[in-house]
Amino acid sequence: MHSDPRTGDRTAEEIFEAGGKVIDPAVRSVVERLPAPLVEAVRYHYGWAGKGGGPVIGQRGGVGRRGLVLPLLCAGVDGGPVERGVAATVVGDLLVNTSIIHDDVLDRDPVRRGRPALWAAYGTECALMVGDALLGLAFSHLGEQSHPRTPQALRMMSDGWSRLCAGQARDTGQEGRVGTSLEEAVAVNQAKAADGLRGVFCLPVLFTDATSEQVDAVGEYGFHFGMAAQYHNDLTDVWPTLDRGRASGGDIRRRKMTPMVTVALASGHRDSERLAAYYAGQGDPGEEEVAAIAELIDRCGGRDWTVAQNLKHMRLAAEHLQKADPPSALYDDLLATGARYLA
């Protein structure tokens, strides 16, 4: 069991709980504006209701909600109340869940948060439409904010979303391509995770009195936190540390060229040829083969390299957060919750 770091008078879990009590009702009030054919599926995705309005199975709460407590906290970087960033954090939530819904369709992941993924429960067409509707709602909600930086926020969101989509396209195109270089694989992680989170972390700060330098520093904090989170996801997909509410080993089954796989393939280890043969092949592997490939990745150094990258980006995230010059208590809260989120 992971320890729960204490920061000030609250543990990290208490900070997450308090943040969720602010974020969840704000998100729900926005998504309930969607028309009836879509809102039932949205309620199902968020765990607010079961399919057809039945009982909820699996975990409640939108995907990534705990992580969105961090950008909400960033709205206090100038010493003011974090509540100023609630609307922009809602936008971040909508973007994250749009990405997850579409990603599950692309990867054909059948389970999300301990229940059938949206596409598996309601069909691919419905899932795509729900994702598109949430994206449109994100732009609408952000555009409704009366603030001098609203146009900048809209440009930032659009730019980040475009890079995320480009990263997802490259990610899908590289599946099974053994010739993928480490640089290409890292670029995918940057585009599909880190670039998008840079904007998600910046948006709440834009609606405060923070300086441009503070906004930029928070953006770099979000970028490196996003990189650390993606490396953490790469690791836990293969070697789960907790019940993630979805099947493990999906990246191996789809023969994804994650950075740790490219490192293992290029290691020169005697087992790297066996690894290359699998990734150049086709077909659905069984559980024993997935476990064997995970062992090969580990033996060829992919796991250790990825752990090191995760730690490096967590360190860089902390350095950029410090450059944003937040109040000391807020700095401690963000470090504690970030570490807990990736535990």
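**View 1. Arginine 163 and its salt bridge to aspartate 195 in the predicted model.** Arginine 163 is partly exposed, with a relative accessible area of 29%. The N to O distance between the two side chains is 3.4 Å.

**View 2. The salt bridge between glutamate 287 and arginine 253.** The closest N and O atoms are 2.4 Å apart. Glutamate 287 lies in helix H13 (residues 287-299) and arginine 253 in helix H10 (residues 250-253), so the contact ties together parts 34 residues apart in sequence. Glutamate 287 is exposed, with a relative accessible area of 58%, whereas arginine 253 is partly exposed at 25%.

**View 3. The salt bridge between arginine 66 and glutamate 13.** The N to O distance is 2.8 Å. Arginine 66 sits in helix H3 (residues 65-74) and glutamate 13 in helix H1 (residues 12-31), 53 residues apart. Both are partly exposed, arginine 66 at 32% and glutamate 13 at 24%.

**View 4. Valine 31 in the largest nonpolar core.** This core has 70 residues, and Val31 is among those that touch the most other members. Helix H6 (residues 124-143) gives the most to the core, with nine residues. Beyond its neighbours within four places in sequence, valine 31 contacts Val39, Val42, Trp48, Leu94, Leu134 and Leu137.

**View 5. The stretch of residues 1-7.** Here the pLDDT is below 50, and the stretch has 19 contacts beyond near neighbours in sequence. Where pLDDT is low, predicted coordinates should not be read in detail.

Definitions and conventions. Residues numbered from 1 in each chain as written. Predicted model: local features only at pLDDT ≥ 70, side-chain atom pairs only at ≥ 80, totals over all residues. Heavy atoms only, no water. pLDDT = per-residue confidence, 0-100. Contact = heavy atoms within 4.5 Å. Core = buried A, V, L, I, M, F, W, Y, C linked by side-chain atoms within 4.5 Å. Buried < 20%, exposed > 50% of the residue type's maximum accessible area, 1.4 Å probe, protein only. Helix = DSSP H or I, 4+ residues; strand = E, 2+ residues; numbered from the N terminus. Salt bridge = Lys/Arg side-chain N within 4 Å of Asp/Glu carboxyl O.
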